[in-house]
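The following exercises concern a structure to be read from its coordinates.

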Amino acid sequence: MKTSEDATDLAARFQAVRRQTETLCGPLSAEDCVAQSMPDASPAKWHLAHTSWFFETFVLASPGYEPFDAAYVHLFNSYYEALGSRHPRSARGLLVRPTLAQVNAYRNHVSERVLALLDRRPHEVVTTIELGLHHEQQHQELILTDIKHLFGTHPLLPPYQLRSSADPTRATLPLGWEPFDAGLHTIGHRGTGFAFDNEGPAHRVFLEPFALATRLVTNGEYLAFVRDDGYQRPELWLSDGFRTRMERGWVAPLYWREEENGFHHYTLGGSRPIDAEAPVCHVSFYEAEAFARWAGARLPTEFEWEVVAADAPISGNFSEDGALEPLPAVTGHERPAQVFGDTWEWTSSAYAGYPGYYPPAGAIGEYNGKFMCNQMVLRGGSCATPRSHIRATYRNFFPPDARWQFSGIRLARSAS
Ligand SMILES: [Fe+2]
C-alpha cells in the first residue's frame, strides 16, 4: 500500500465491507439481533459492535484517544487477554444494553474516524485496516451461521430470507477421482496480497500419490450412511467422535429432521426436504471422518487440498450469490468442482503452526496463534463466505465437534 490511490481504494472497500455487514442484518428484527442460541454463537448485535470494537482498538486507539464509550472496551472484547477483562462469551445474549440504535451509532462513529485517519495518515493504518476488513468478513459469515442456529432451533423455523437459488431438480456431477502424483510442494502464503499470520511461513511438504474426489459428498450419499446405521456402528468412528455422538444423541447432520416423507432440514430460506444432489452440510469433523471410513476413503490433508486448490479458480457458490446454502456441482466447472464455496471442507490436519511460525507481538498475536490446539483445519470457504475473503492458502479451524458452521465433506484416497 504505497500510494494515495491505494488508500482511496482501501477506503472504498472499507465502506463496502461495513455496509455489507449491515445489509446482512437487514432482515433481522431488533429482537433477533439480541438473542444468543448457544455459547458458541453470538448475537448479531454483538457482531455489529465487536467488529467496530476491533477497528477502534487496533486502528483508532492511541495515547490520548477517548473511546466512544469506555464500557464497550469490556463488553465487545472477544478473547484478547492482553486488552483486559471482557464480558463472558456465553452471556453475550444478555446484553440488552447498549441498544441496537446505540450500537449502530457506535458503528457510524468508528467508521467516520477510521476513514478520517486513513485520509490523514494512510501509511500508519493501512495494514491494520486491511486486517480489520478481513476480520469483519469473518464475522459476516458468523452472523449468518449464528442466525441460522438461532432460527434453525426455533420452534417456528422462521426463514431468514425468502429468496433461494436452490433448484431441487438439478443433478450433480457423478463422483470421480482426480489422481495426483507424489511430489514436493510449497505450502503456505507467498507473495504480496493479504494473508493471515497462520497461512505462513511458506514451507515444503512432500506428498505421497493421492486422489481427490471431484466434488463434495452429497446429502443423498450421506443419507445412505445414515440408512446403513452409520451412526450406530462404533467401528466407523473415532473414540472421541462416538462418545460425542452418544452424549448428544446425533443421528443425522445438524438441522436434519426425519418426517413421514423423509428428512427435511432447516435452511436460511426455511425448512425444506433435503436435496439428495446438494452437498451435505453442518457435519462435525467426527461425522465427516466416520462417513469417509464407511465410504472406504479418508479426508484429505490440508496440504493435499492446498496443492489442488492452488490451480483452481476462485469461483463457486459464495455469499454474494445469495443462495446461502450449498448447491449441486454442475458440469462446466473445473475439475475437481466445488473447491471454493458451497461448504468448508474438513481436513484430517490438526490446526498447528507451520514450521517457523511465531504469533505477532502484542495483542494482535492472539488473533490466531493461541488456538493452535485441539482444533481441525477446514479449507475452501462456503456459501456464507464472501468471495473476496477466500484463497487457496486460507486456513479455517474449528473444534472437531462443531456443526453449526457450513462444514461439509470431500473425500480423498491414498494411491495404492
Ligand atoms: Fe472477532
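**Exercise 1.** Determine which residues of helix 8 (residues 239-248) are buried, and where they lie around the helix.

Solution. In this predicted model, local features need pLDDT of at least 70, side-chain atom pairs count only at pLDDT 80 or more, and totals for chains, interfaces and linings use all residues. Residues are numbered from 1 along each chain as its sequence is written, and side-chain values use heavy atoms, with hydrogens and water left out.

Step 1. Helices (H or I, at least four residues) and strands (E, at least two) are DSSP runs, numbered from the N terminus. Buried means under 20% relative accessible area, exposed over 50%, and partly exposed in between (1.4 Å probe, protein chains only). By this criterion G241, F242, T244 and R245 are the buried residues of helix 8.

Step 2. Viewed down the axis of helix 8, these buried residues fall within an arc of 160°, so they line one face of the helix. The arc is that of the directions from the helix axis to the C-beta atoms.

Step 3. S239, M246 and E247 are exposed on the other side of helix 8. The cover over the buried residues includes helix 9 (285-294), where contact means heavy atoms within 4.5 Å.

**Exercise 2.** Identify the protein donors of the iron ion and describe how they are spaced in sequence.

Solution. Step 1. Donors are N, O and S atoms within 2.8 Å of the metal (3.2 Å for Na, K and Ca); water is not among the atoms, so sites may look incomplete. The protein donors are H50 (NE2), H135 (NE2) and H139 (NE2), lying 2.2 Å from the iron ion.

Step 1. The spacing of the donor residues is H-x84-H-x3-H. Distant parts of the chain are linked by the pair H50, in helix 3 (residues 44-60), and H139, in helix 6 (residues 122-152), which are 89 residues apart.

Step 2. Both H50 and H139 are buried.
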